[in-house]
There are 2 protein chains.
Amino acid sequence: METKIYEGRVLSLSVYDVKVEGRKVRREVIKHRGAAAVLAFDEKKRIILVRQHRFPHGYVLEIPAGTLEKKEEPLRCAFRELEEETGYRAKKMTPLITYYPSIGYNTEVIHCFVASGSKKVSDLKLDEDEILSVVKLSPNKVLSMIRAGEIQDSKTICAVLAYAASHSL
Amino acid sequence: METKIYEGRVLSLSVYDVKVEGRKVRREVIKHRGAAAVLAFDEKKRIILVRQHRFPHGYVLEIPAGTLEKKEEPLRCAFRELEEETGYRAKKMTPLITYYPSIGYNTEVIHCFVASGSKKVSDLKLDEDEILSVVKLSPNKVLSMIRAGEIQDSKTICAVLAYAASHSL
């Protein structure tokens, strides 16, 4: 049985009373449309990141990403978000890793892609409430920031470490 | 300004109307106490995982983890969850990586540790609504399951890839 608590812009919340393996359990569940995130490199093989204000955390350095629009395919969302947030257009997007950030209570799934052939084509096209700037760093610098705990965003960590595990950075 | 929407067992939800860089923005924020997760190895150097029912995803293979109790230190939580969920007691816990699963709208932070000197000391002590079993797999098998998309849980991916990036697995 689902009890709807809240339906919002980014997420909604329901409480479920369900039976699992014969036992009655109550589960609080966040529903989220999912997101796409992009590991992209500029002409000098630096990783293209965005520095963004994330309430209540403050400024956060992360790879470009955004929530899927209604009925939007993750691949299309990846192309769109990269260009909107950084002004770079990719030639190709290759699936890298797909994961659930909080599998215990959140339906959100994040589809990470690697962009190739990225070229700067425009200025940023930000949503009205997006506050961000573009930062480019060498892969080694990003890896050392992850190791030092200076980057703590799951999509950036998952994408960069998954890429590093199968490519030499 | 904060508007409280829901206060639950695992999480609560508020909507904030705030000013960021001079612009008024509305943010939906999940509040969560945070969690600890443990990358532990058995006597044969296999990774100790749990197979757990996660509504609405179904059965999920993941490293042992749990929500911090009120005022509980992440380190203490890591020792406790490893023993409760797997029956293994660690000699030592070393911080591995700390990350925000959904930095855009969720305060949850997950503290991942590497356990060393783990020994089986007891049977599982599960919470009433926990439904899980222990599975031990070689590090290479876990890595190949991450690559194949058969493990899609953020804490398992972050902990295993962060460990693999600095140790030979």
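This is a predicted model: local features need pLDDT of at least 70, side-chain atom pairs count only at pLDDT 80 or more; totals for chains, interfaces and linings use all residues.

**Entry 1: how the two copies relate**

I superposed the copies to begin with: a rotation of 180° with 0.0 Å of shift along its axis puts chain A on chain B, at an RMSD of 0.0 Å. For this, copies are superposed by least squares on the C-alpha atoms of residues with pLDDT of at least 70 in both. That is the relation of a two-fold axis. In chain A, the C-alpha nearest the axis belongs to Pro101(A), 2.4 Å from it. Both copies use the same surface, as 100% of the contact residues of chain A recur in chain B.

Residues are numbered from 1 along each chain as its sequence is written, and chains are lettered from A and ligands numbered from 1 in the order in which they are written.

**Entry 2: the contact between the chains**

How many residues does each chain bring to the contact? I found 47 residues from chain A and 47 residues from chain B, with two residues in contact if their C-beta atoms, placed from the backbone, lie within 7 Å. On the side of chain A that touches chain B, the elements giving two or more residues include strand S1 (2–7), strand S2 (11–20) and helix H3 (154–166) of chain A. H3(A) gives the most to that side, with 7 residues. Helices (H or I, at least four residues) and strands (E, at least two) are DSSP runs here, numbered from the N terminus.

I also sorted that side of chain A by class: 26 nonpolar, 11 polar and 10 charged residues. Ala, Val, Leu, Ile, Met, Phe, Trp, Tyr, Cys and Pro count as nonpolar, Asp, Glu, Lys and Arg as charged, and the others, Gly among them, as polar.

**Entry 3: chain A overall**

Chain A has 3 helices and 12 strands. Its C-alpha atoms fill a box of roughly 55 × 35 × 30 Å along the principal axes. Buried residues make up 39% of the 169 residues in chain A; buried means 20 or more other C-beta atoms within 10 Å of the residue's own, exposed 12 or fewer, and partly exposed in between, with C-beta atoms placed from the backbone. Among contacts in chain A between residues at least 6 apart in sequence, 62% join residues at least 24 apart.

**Entry 4: the cores**

Which residues touch the most other members of the largest nonpolar core? Of its 78 residues, they are Val38(A), Leu39(A), Val38(B) and Leu39(B). A nonpolar core is a set of buried Ala, Val, Leu, Ile, Met, Phe, Trp, Tyr and Cys residues joined through C-beta atoms within 7 Å. Another core, of 10 residues, lies apart from it, with Leu13(A), Ile30(A), Leu13(B) and Ile30(B) among them. I then listed neighbours of Val38(A): leaving out residues up to four places away in sequence, it touches residues including Ile63(A), Leu82(A) and Phe113(A).

**Entry 5**

Why call strand S4 (residues 35–39) of chain B largely enclosed by the rest of the structure? Because 5 of the 5 residues of S4(B) are buried. Ala35(B), Ala37(B) and Leu39(B) point one way from S4(B), Ala36(B) and Val38(B) the other way. S4(B) pairs antiparallel with strand S7 (residues 65–67) of chain B over 3 bridges, where Ala37(B) stands opposite Ala65(B). With strand S10 (residues 110–116) of chain B, S4(B) pairs in the parallel sense over 5 bridges, and Leu39(B) has Val114(B) as its bridge partner. Two strands pair if DSSP finds at least two bridges between them.

S1(A) is hardly covered, with 0 buried residues among its 6 residues. A hairpin through 3 residues joins S1(A) to S2(A); these two pair antiparallel over 5 bridges, with Glu2(A) opposite Tyr16(A).

**Entry 6: the open sheet**

In chain A, 3 strands form an open, antiparallel sheet in the order S6-S5-S12. S6 and strand S12 (132–137) of chain A are the edge strands, each pairing on one side only. S5(A) and S12(A) are joined by 6 bridges, and in S12(A) the bridge partner of Val50(A) is Val134(A).
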